[in-house]
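Student: Please take one part of this model and go through it closely, together with whatever surrounds it. I would like one connected account, with the cut-offs stated.

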Amino acid sequence: MSKIYEAVQTYRNVEPENLIEEVKAKKEAGKRMLQMFASYVDRRFEVIYCFDEGDYNIENIRVVVEKNEVIPSVGEYYPYATPYENEACELFGVKIDVKADGYKHKLYKISAETPYVSPYDEDDE
């Protein structure tokens, strides 16, 4: 009979200025980045980075940023983060300081700029 694993997930909020320090610590601890994804909630972006070291204990780092706030790229530590970062930039409009952007923000063929953020959510300030 095969063993059934129960994944445990934890979430921790991290300020944007501490993101690289946290990601570097994950890399040095031998953790792999599983994915990164973005969402748009209450006129702010939530960017979540998921890490694991093969034990099904998933550690999630949540960074919440305002629409015009720039966050650093994690590509220096996890080069395969580039497609994830491009996706967050193109589909949501998250501002990520991508150093090695081989896709030049054209990962997807999309007809609307940032299609996952409603134009009705524009700041009316």
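Tutor: Helices (H or I, at least four residues) and strands (E, at least two) are DSSP runs, numbered from the N terminus. The model is predicted, so local features need pLDDT of at least 70 and side-chain atom pairs count only at pLDDT 80 or more, while totals for chains, interfaces and linings use all residues. Residues are numbered from 1 along each chain as its sequence is written, and side-chain values use heavy atoms, with hydrogens and water left out.

The part to look at is strand β4, which covers residues 57-66. The protein chain has 2 helices and 6 strands, and along the sequence these follow the pattern β-α-β-β-β-β-α-β. Tyr56 lies in the loop between β3 and β4. This residue has a positive phi of about 65° although it is not a glycine. Its relative accessibility is 41%, so Tyr56 counts as partly exposed (buried means under 20% relative accessible area, exposed over 50%, partly exposed in between, with a 1.4 Å probe and protein chains only). Another residue of this kind is Asp42, in the loop between β2 and β3. Asp42 is not a glycine either, and has a positive phi of about 50°; with a relative accessible area of 70%, Asp42 is exposed.

Now the sheet. Four strands form an open sheet in the order β1-β4-β3-β2, with mixed pairing (two strands pair if DSSP finds at least two bridges between them). At its edges are β1 (8-13) and β2 (32-41), each pairing on one side only. From one strand to the next, the twist averages 20° (axes are lines fitted to C-alpha atoms, for helices over the stretch in contact, and angles run from 0 to 180 degrees between N-to-C directions). On the β1 side, β4 pairs in the parallel sense over 6 bridges. One of these positions can be named: Gln9 has Ile58 of β4 as its bridge partner. Helix α1 (residues 19-28) packs on the sheet and touches β1, β3 (44-52) and β4, its direction making about 165° with that of β4 (contact means heavy atoms within 4.5 Å). Helix α2 (residues 82-92) lies across β2 and β3 and runs at about 10° to β2.

Side chains of opposite charge can pair when their charged atoms come close. The model has 6 salt bridges, a salt bridge being a side-chain nitrogen of Lys or Arg within 4 Å of a carboxyl oxygen of Asp or Glu. Glu59 takes part in two that can be described here. With Lys26 the N to O distance is 2.3 Å. This pair links distant parts of the chain, since Glu59 is in strand β4 and Lys26 in helix α1, 33 residues apart. Lys26 counts as buried because its relative accessibility is 10%, whereas Glu59, at 23%, counts as partly exposed. With Lys31 the N to O distance is 2.6 Å. Here too distant parts are linked: Glu59 is in strand β4 and Lys31 in the loop between α1 and β2, 28 residues apart. Lys31 is buried at 13% relative accessibility.

Because Arg62 lies in strand β4 and Glu46 in strand β3, the pair ties together parts that are 16 residues apart in sequence. Both are partly exposed: Arg62 has a relative accessible area of 22% and Glu46 one of 23%.

Leaving aside neighbours within four places in sequence, the contacts of Met33 include Tyr49, Phe51, Val74 and Tyr84. For the chain as a whole, 37% of the 125 residues count as buried. Among contacts between residues at least 6 apart in sequence, 54% join residues at least 24 apart.
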